[in-house]
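Work through the exercises below with the structure in view. Try each task before reading its solution.

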Amino acid sequence: MPIDRRTALQTVGTAGLAALAGCPLLSTNHYEYTLTVDSVDQSLADYALYDPDEESLFDTAARDALDAILPDGRHTTYGYEPLPTGAYVEDGGRYYQTAAVVTGRERMERTLVRADLLELDSVSAETVPLDSLSTVSRRIVENLHEYHATDGAGHSTDLLWDGAYVLRRPAELDSAVTDEIDDATVAVDPGENSAYRVSLATERITERVVESFAVAVAEDSQTFSDVVLATRIDAEVEGPDLDPGVREALDDVVETGETSETTPLTPSFEGLLERLGLGDVDVGRNGQLLWYDERLYRYGLYVSPAN
């Protein structure tokens, strides 16, 4: 006779379970369920919109792409996507979603950065500490270090080619970056004498041709809010539609920011978890979005053995 997870967690003794004919004896450990809810001080539309950081060197490519594709243009890049796929953006009071397709391949010259791990006796006091490099240069070396440390496992093909970091983005093509790392010895972990000899070379490689564009999704802010509710919100709740006990439990956690219960859970708390889409969660989940009585919240659930 199968018993669902919730029933098992709410069992307070072994006797009742043992009495169930044909059922194995289950653990009577109790679990603590902690629900957190934090208010998001932005409108639904503002929270959902993608806006490159004006101060970020790495968002130069994104800003250039947006300038080119809005409202109905196209932007071509080689070897990388300048924008996150599916991001919502606004232009002139209309709302769009970014998209990209690969339209071919092209052979072209690229500057490749390689890093050779030095033997311990080859590391000298003349090495450059990783932390002393500029933000762009440091990112390049960190990616190469990760590649070597993991034997290439999991590295992004958008960044590396045949073990070399490919300079593609506008911020990486600045001469100050290439001058800083070319023929340099960089100490990644001085305490362990871990250092790399970094070198640059120009080679012809085959790059993907990426076309970025924007698809119109809404003509006004109200329609866009409906789009966001349909695509980005994990739970949409209106107070009058809730059972009184569930609404009280939700209002309490909205006010305090956190609430916990140990199994067996009260019906109101269990009903709240079901309404938030967390009824089947037995480990944890975070980063969820709630739209409750015309306000936006971020919520999560953490499950752990009770003390």
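This is a predicted model. Start with one arginine: at 11% relative accessibility, Arg110 counts as buried.

**Exercise 1. Is Glu207 buried or exposed, and which residue does Glu207 pair with at 3.0 Å?**

Step 1. Take the accessible area. Glu207 has a relative value of 3%. The cut-off for buried is under 20%. Glu207 is therefore buried.

Step 2. Look for the partner. Glu207 forms a salt bridge with Arg110, and their closest N and O atoms are 3.0 Å apart.

**Exercise 2. Find the salt bridge between Arg168 and Glu207. Which parts of the chain does the pair tie together?**

Step 1. Check the distance. The closest N and O atoms of Arg168 and Glu207 are 2.7 Å apart.

Step 2. Locate the ends. Arg168 lies in the loop between β7 (164-167) and α6 (175-181), while Glu207 belongs to strand β9, so the bridge joins parts 39 residues apart in sequence.

Step 3. Check burial. Arg168 has 5% relative accessibility and counts as buried.

Step 4. Arg110, Arg168 and Glu207 are linked in a network of salt bridges.

**Exercise 3. How many salt bridges does the structure hold? Describe the one between Arg247 and Asp293.**

Step 1. Count. There are eight salt bridges in the structure.

Step 2. Go to the named pair. The side chains of Arg247 and Asp293 meet at 3.8 Å, N to O.

Step 3. Trace the chain. Arg247 is in helix α8 (residues 244-256), and Asp293 is in the loop between β12 (284-292) and β13. The two residues are 46 apart, so the pair links distant parts of the chain.

Step 4. Arg247 is partly exposed at 32% relative accessibility. Asp293 is also partly exposed, with 35%.

**Exercise 4. In what order do the strands of the five-stranded open sheet lie, and which are the edge strands?**

Step 1. Read across the sheet. The order is β10-β12-β13-β1-β11, and the pairing is mixed.

Step 2. Find the edges. β10 (235-237) and β11 each pair on one side only, which makes them the edge strands.

**Exercise 5. Which residues stand opposite Tyr33 in β13 and in β11?**

Step 1. Begin with β13. Strand β1 (residues 31-39) runs antiparallel to β13 (residues 295-305), joined by nine bridges. Here Tyr33 stands opposite Val303. Another pairing puts Ser39 with Tyr297 as its bridge partner.

Step 2. Turn to β11. Five bridges pair β1 with β11 (residues 258-262), again in the antiparallel sense. Tyr33 stands opposite Glu261 there.

Step 3. α9 (residues 267-275) lies across β1, β10, β11 and β13. The helix runs at about 55° to β1.

Technical notes: Residues numbered from 1 in each chain as written. Predicted model: local features only at pLDDT ≥ 70, side-chain atom pairs only at ≥ 80, totals over all residues. Heavy atoms only, no water. Pairing = 2+ DSSP bridges. Helix = DSSP H or I, 4+ residues; strand = E, 2+ residues; numbered from the N terminus. Contact = heavy atoms within 4.5 Å. Axes fitted to C-alpha atoms, helices over the stretch in contact; angles between N-to-C directions. Salt bridge = Lys/Arg side-chain N within 4 Å of Asp/Glu carboxyl O. Buried < 20%, exposed > 50% of the residue type's maximum accessible area, 1.4 Å probe, protein only.
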